[in-house]
Amino acid sequence: MVPKSIAIAADHAGFDLKAKLVDELRSAGYDVSDLGTKDASTSVDYPDFGKAVAEAVTSGKADCGVVVCGTGIGISIAANRHPGVRAALCHDETSARLCREHNDANVLALGARLIGEVVAKDCLHTFLNTEFAGDRHARRVTKLG
């Protein structure tokens, strides 16, 4: 299933990249819910934004999510604390493709201080356009809970 609605959020370190990804998604025709933060100058806590995206995905308000912080690590941990979320931190197209094919990831995590805009957009499009392979991978994903 190609997602139609996407929840996206970032902390202050990820704000600029998130804003570019929101524009990219909207120009591609996706229904985007921007859950914050609203600027890069106010320090905020990444767990709040990981939680917001996780809740949007698990409640069905969004088909999938994107979270961004400085490294992508903290916000992916925050999102993964919620049952039903499989957030994957990706650094390139290969990791974005495999997290969908093998792990049925439903949240893409990116590190704004680690990858550039072009790579982030490549990861985003690959994540959104890759189907879950199922088969032996479904058995493994089921064990995640």
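Close-up 1. Arg136 counts as partly exposed because its relative accessibility is 42% (buried means under 20% relative accessible area, exposed over 50%, partly exposed in between, with a 1.4 Å probe and protein chains only). This is a predicted model, where local features need pLDDT of at least 70 and side-chain atom pairs count only at pLDDT 80 or more, while totals for chains, interfaces and linings use all residues. Residues are numbered from 1 along each chain as its sequence is written, and side-chain values use heavy atoms, leaving out hydrogens and water. Arg136 belongs to helix α6, residues 136-143 (helices are DSSP runs of H or I with at least four residues, strands are runs of E with at least two, and both are numbered from the N terminus).

**Close-up 2. Asp135, in the loop between α5 (117-128) and α6.** Look here for a positive phi in a residue other than glycine: that of Asp135 is near 50°. Asp135 counts as exposed, because its relative accessibility is 66%.

**Close-up 3. Cysteines without a disulfide.** The whole structure holds zero disulfides (pairs of cysteine sulfur atoms within 2.5 Å). For Cys99, the nearest cysteine sulfur is that of Cys90, 3.8 Å away. Cys99 counts as buried because its relative accessibility is 5%. Cys123 is in no disulfide either, and its nearest cysteine sulfur, that of Cys90, lies 5.9 Å away. With 0% relative accessibility, Cys123 counts as buried.

**Close-up 4. A cis peptide bond at Gly36 to Thr37.** Omega of this bond is near -10°. Thr37 sits in the loop between β2 (31-34) and α2 (46-58).
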